[in-house]
Amino acid sequence: MSTPAPHRALATRVILVHDLAGFTKATAQTAPLELAAFLDAYYTACATRVRAGGGRIVKVMGDACLAVFDVARCADALDAAVALRADIAPLASRHGVPVTAGKACVHVAEIAEGLLGPEGDRRFDVVGQGVNVTFLLGSCRGAGVPLSEAAHRALSTLPGVKNAAVNI
């Protein structure tokens, strides 16, 4: 007898993906335990910045972090992205890991969210084209915080944000 599927829902969320630059090369130059200590500190920095902005870490995977925020917290998500990028250089230096801040991509989209996975190991996750689009924003040239058009629109509708033409 199977148990019913856990609750899942559609939600419009701000999606933040941060990805370090130079991580593959760093894995070849850094001892595994040193790399693990760095990643632990990186994941802590991600959680600190995301939670301070009212967001939720969905998952960390290697050198990347996926988080979501309520749309009303779009400016907080952008602030978290900028602050996290600023955290990386001192963190990498302290651990002797040759990586840079890479990109922190911000998008707004409707996604499915809820508990996914095999029985006994279900975890909160988000899925949908919007998640993929957010990761793809990282493929654009240059460093920084790429914002999708949807994120730009969400920022421009927030009280106190007069001009969402952001160049970070």
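Modeller: What follows is a set of questions and answers on a predicted model.

Colleague: Why are α2 and α3 called roughly antiparallel?

Modeller: Helix α2 (residues 32–52) and helix α3 (residues 74–95) pack at an angle of about 160°, and their axes are 10 Å apart. Angles over 145 degrees count as roughly antiparallel, so that label applies to α2 and α3. Their crossing is right-handed.

Colleague: What makes up the contact of α2 with α3?

Modeller: Contact means heavy atoms within 4.5 Å. On the α2 side the residues include F38, Y42 and R49, and on the α3 side they include L84, D87 and H95. By class, the contact has 13 nonpolar, one polar and two charged residues.

Colleague: How do you know that β4 pairs with β1 and with β5?

Modeller: Two strands pair if there are at least two bridges between them. Strand β1 (residues 8–21) and β4 are joined by 13 bridges, while five bridges join β4 (residues 100–116) to β5 (residues 123–127). Both counts reach the cut-off, so β4 pairs with β1 and with β5. Each of these pairs runs antiparallel.

Colleague: Which residues stand opposite each other in these pairs?

Modeller: H18 stands opposite A104 in β4, and E113 faces V126 in β5. L116 has R123 of β5 as its bridge partner. Six residues lie between the strands in the hairpin of β4 and β5, where G117 takes a positive phi near 125°.

Colleague: Why is β4 described as mostly covered?

Modeller: Buried means under 20% relative accessible area. In β4, 12 of the 17 residues are buried, so the strand is mostly covered.

Technical notes:
Residues numbered from 1 in each chain as written. Predicted model: local features only at pLDDT ≥ 70, side-chain atom pairs only at ≥ 80, totals over all residues. Heavy atoms only, no water. Helix = DSSP H or I, 4+ residues; strand = E, 2+ residues; numbered from the N terminus. Axes fitted to C-alpha atoms, helices over the stretch in contact; angles between N-to-C directions. Parallel < 35°, antiparallel > 145°, perpendicular 65-115°, else oblique. Left-handed = near helix turned anticlockwise from the far one by under 90°. Nonpolar A, V, L, I, M, F, W, Y, C, P; charged D, E, K, R; others polar. Buried < 20%, exposed > 50% of the residue type's maximum accessible area, 1.4 Å probe, protein only.
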